[in-house]
Amino acid sequence: MRSIWRTLPAGLDRRTARDIALVCVADVLVGASFGAISVSGGLAWWVPVLLSVVVFAGGAQFAAVGVVLAGGSAFAAVVAGLVLNARLLPFGFAVADVLGTRWRTRLVGAHLTTDESVAFAIRHDDPDRRRAAFWVCAVALFGCWNLAVVAGAFAGRLVADTDAFGLDAAFPAVLVALVVPSLSTSRTRLAAAVGAVLAVATTPFLPPGLPVLVALLGLAVAVRRPGRRSQEPSPEPLDLERSR
Amino acid sequence: MPLVAILALAAGTFAFRVAGPVARHRVELPPRVEQLLSDAAVVLLVALVATSALMVGQQFAGLARPAGVLVAGVLAVRRAPFPVIVVAAAATTAVLRLLGVA
């Protein structure tokens with residue numbers, strides 16, 4: 001970990017730091033509502049708190065607790081959470097380069113991989129900046145999220161309905177803001193558009209989590225239509241070793 | 001929710017997360033595959049945006065949320081600063097709800 005922190009100032013610009021701080025604010029409110037919903041639904045305080053530390057995936061946490069509070073079995077809750085988290089598998093491949101080669105950082109970084117930290121990482125091509133954006137977002141979110149869930153679990157009644165503040169629109173908006181610059185080639189845009197249409201169209205018929213994976217079929221378009229960017233000498237994302 | 005269920009969900013989730021970082025350092029991938037993997041992340045994130053903007057569970061989310069996310073999309077394409085995009089999206093949705101638009 002220490003080597004990561006030493007390289008941060010070089011890689012982290014103020015804009016990224018500010019953006020990460022804003023995402024933390026939004027996640028604090030959502031995390032607090034997760035703790036509050038869980039406890040007011042009748043779960044012991046340690047259930048949302050432990051889930052947040054060891055699962056650390058907001059969508060899956062809400063899904064698992066939702067299944068249990070609706071009277072579903074614990075097994076169904078685990079399956080719902082796992083299907084939602086299956087997207088972390090391709091995400092892990094996409095950000096493997098920022099996690100370095102040491103076992104310790106690789107294991108810690110893997111656990112801290114979220115939609116947000118992946119989105120911050122892919123905003124940059126430069127390895128140092130990718131790494132800085134990923135790690136700062138990942139560690140900051142882990143801290144904020146877990147503290148917020150604890151606060152929500154104990155002060156549940158005080159947390160208002162987060163939908164009234166439009167926070168449910170803030171999550172997709174964060175991802176939009178981070179991902180739009182990556183839609184730089186017509187090939188990527190086409191693959192993403194086809195994937196998004198497939199995901200939305202299959203949502204009424206598939207269990208939550210699977211439609212997003214169906215979107216990967218959109219990549220077939222990208223394979224068949226090599227875009228401009230793939231013919232350039234691609235910015236090599238795997239040269240972390242050299243900077244060590 | 002029993003402890004064993006929480007731990008099972010945690011273990012499965014960690015397995016999804018760690019597979020990529022472990023596998024990527026054992027095999028050298030050709031640049032085309034690397035490009036495909038980074039495209040996969042973009043495709044997944046856009047699909048997450050689309051589904052979380054338009055759907056709640058398996059049903060249409062109503063108008064307020066998609067309207068907020070649409071505002072975010074327009075601002076992002078016009079290169080507005082990140083906080084402006086996020087706050088404008090939440091504000092649009094919140095104001096629409098205040099006005100009684102679901």
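Start by colouring chain B by confidence: its mean pLDDT is 92, and 100% of its residues reach 70 or more. Here pLDDT is the predictor's confidence in each residue, from 0 to 100. This is a predicted model, in which local features need pLDDT of at least 70 and side-chain atom pairs count only at pLDDT 80 or more, while totals for chains, interfaces and linings use all residues. Residues are numbered from 1 along each chain as its sequence is written, and chains are lettered from A and ligands numbered from 1 in the order in which they are written.

**Confidence in both chains**

Within chain B, helix α3 (residues 64-77) has the highest confidence, at a mean of 96, and helix α2 (residues 31-54) the lowest, at 89. Helices (H or I, at least four residues) and strands (E, at least two) are DSSP runs, numbered from the N terminus.

Now select chain A, which has 15 helices and zero strands. Its mean pLDDT is 85, with 86% of its residues at 70 or more. Among its elements, α3(A) has the highest mean pLDDT (97) and helix α15 (residues 240-243) the lowest (36). Over residues 228-244 of chain A the pLDDT is below 50, and this stretch has 21 contacts in the model beyond near neighbours in sequence. Two residues are in contact if their C-beta atoms, placed from the backbone, lie within 7 Å. For the model as a whole, the scores are ipTM 0.90 and pTM 0.80.

**Stops in chain A**

Buried residues make up 49% of the 244 residues in chain A. A residue is buried if 20 or more other C-beta atoms lie within 10 Å of its own, exposed if 12 or fewer, and partly exposed in between, with C-beta atoms placed from the backbone.

Select helix α2 (residues 14-40) of chain A. This helix has 27 residues and reaches 39 Å from its first C-alpha to its last, close to the 39 Å expected at 1.5 Å a residue. The expected span is 1.5 Å times one less than the number of residues. Just after α2(A), look at Gly42(A), which takes a positive phi of about 115°.

Next, go to Phe56(A), in the loop between α3 (46-54) and α4 (58-69) of chain A. Phe56(A) has a positive phi of about 50° although it is not a glycine. This residue counts as buried because 23 other C-beta atoms lie within 10 Å.

**Between the chains**

Show both chains. Their contact takes 79 residues from chain A and 61 residues from chain B. On the chain A side, helix α10 (residues 167-179) gives the most, with twelve residues. That side divides into 59 nonpolar, 15 polar and five charged residues. Ala, Val, Leu, Ile, Met, Phe, Trp, Tyr, Cys and Pro count as nonpolar, Asp, Glu, Lys and Arg as charged, and the others, Gly among them, as polar.

**Stops in chain B**

Select α2(B) and α3(B). Their axes come within 7 Å and cross at roughly 145°; axes are lines fitted to C-alpha atoms, for helices over the stretch in contact, and angles run from 0 to 180 degrees between N-to-C directions. Val49(B), Ala53(B) and Leu54(B) in α2(B) meet Arg65(B), Pro66(B) and Val69(B) in α3(B). By class, this contact has five nonpolar, no polar and one charged residues.

Also in α2(B) is Arg32(B), which is exposed, with 12 other C-beta atoms within 10 Å. From Arg32(B) to Phe82(B) is 50 residues in sequence and 31 Å in space, C-alpha to C-alpha.

Arg79(B) lies in the loop between α3 and α4 (82-98) of chain B. Arg79(B) has a positive phi of about 60° although it is not a glycine, and it counts as exposed, with 9 C-beta neighbours inside 10 Å.

Move on to α4(B), whose buried residues include Phe82(B), Ile85(B) and Ala89(B). What covers the buried residues of α4(B) includes α2 and α10 of chain A together with α3 of chain B. After α4(B) comes Gly100(B), whose phi is positive, near 95°.

Finish on Ala89(B). Leaving aside neighbours within four places in sequence, Ala89(B) is in contact with residues of both chains, including Ala170(A), Ala173(A), Gly68(B) and Ala72(B). In the largest nonpolar core, of 107 residues, those that touch the most other members include Ala89(B), Ala173(A) and Ala72(B). The largest share of this core, 13 residues, comes from α2(B). A nonpolar core is a set of buried Ala, Val, Leu, Ile, Met, Phe, Trp, Tyr and Cys residues joined through C-beta atoms within 7 Å.
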